[in-house]
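Hello,

Here is the structure I promised to pass on. Please open it alongside this note; my findings follow below.

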Amino acid sequence: MSSRPLAQPRATAQPFVGCPMKNPSSLEELIESLRCLPGVGPKSAQRMAFHLLQRDHAGAARLGQALGRSLERIKHCERCNTFTEEDVCELCRSPRRDARLLCVVETPADMLMMEQAECFQGLYFVLMGRLSPLDGVGPKDIHLDRLIKRAEDGVVREVIVATNFTMEGEATAHYIAELLLARDIKVSRIARGLPVGGELEHVDSGTLAQAVIERRSLQAAP
Ligand SMILES: [Zn+2]
């Protein structure tokens, strides 16, 4: 009786344990840094980083330099709080502006829009945000103490609140108005209404209702 060698048990497949794929640490840091931008999650941050490194070295270098320079030079205007490279911005220094009117806006972009509309000759105060208790943004974060001081300089005759007509913008406007009225400072709010060239049948009912509430009387031509 020949003894046949017993079949060797088959080796069970071992899972491959290799070095887990990881980005180099400087790339990881870049991706993490890009995530500080609003609305940028891990996936888009990674896409941006790959794009900069793979396809646009010159753009990436320019971005790095511009970011560094801005951080070094840009500060807030002592008077209106907007971004500037000087202590007091050009607009606040202009003798052609009417210092009796002070317009409160949320952001430097809003201030630029007002300037492009060429409808306002006064000066500004930029809140750099709006009250938002849920996000932890309180009166101090939007520099209301500085706004009050600015409005009480003895020259300002009227504060025009031009915050957005969002819930937070409206709450901010209300809060600012209370603070200023308590100090006997005249406050007004920009009006809501129909857009220029707008037709009643195409406008939303909220806007139309507001336009009716904020109607003004017409004067006979002199
Ligand atoms: Zn300024």
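**Zinc site**

Cys 77 is buried, at a relative accessible area of 0% (buried means under 20%, exposed over 50%, partly exposed in between, with a 1.4 Å probe and protein chains only). Cys 80 is buried too, at 1%.

Before going on: this is a predicted model, where local features need pLDDT of at least 70, side-chain atom pairs count only at pLDDT 80 or more, and totals for chains, interfaces and linings use all residues. Residues are numbered from 1 along each chain as its sequence is written, and side-chain values use heavy atoms, leaving out hydrogens and water.

The zinc ion has these protein donors: Cys 77 (SG), Cys 80 (SG), Cys 89 (SG) and Cys 92 (SG), 2.3 to 2.4 Å from it. Donors are N, O and S atoms within 2.8 Å of the metal (3.2 Å for Na, K and Ca); water is not among the atoms, so sites may look incomplete. Along the chain, the spacing is C-x2-C-x8-C-x2-C. The four donor atoms subtend angles of 106 to 117°, so the arrangement is tetrahedral (four donors, all angles between 85 and 135 degrees).

**Helix 5**

Helix 5 covers residues 108–117. Helices are DSSP runs of H or I, at least four residues; strands are runs of E, at least two; both are numbered from the N terminus. Its buried residues are Pro 108, Met 111 and Met 114. They share one side of helix 5, because their arc around the axis is only 115° (taken from the directions from the helix axis to the C-beta atoms). Leu 112, Met 113 and Gln 116 are exposed on the other side. After helix 5 comes Glu 118, with a positive phi near 50°.

Regards

Note on methods
Four donors count as tetrahedral if all angles lie between 85 and 135 degrees; four count as square planar and six as octahedral if opposite donors are over 155 degrees apart and all others between 65 and 115; anything else is irregular.
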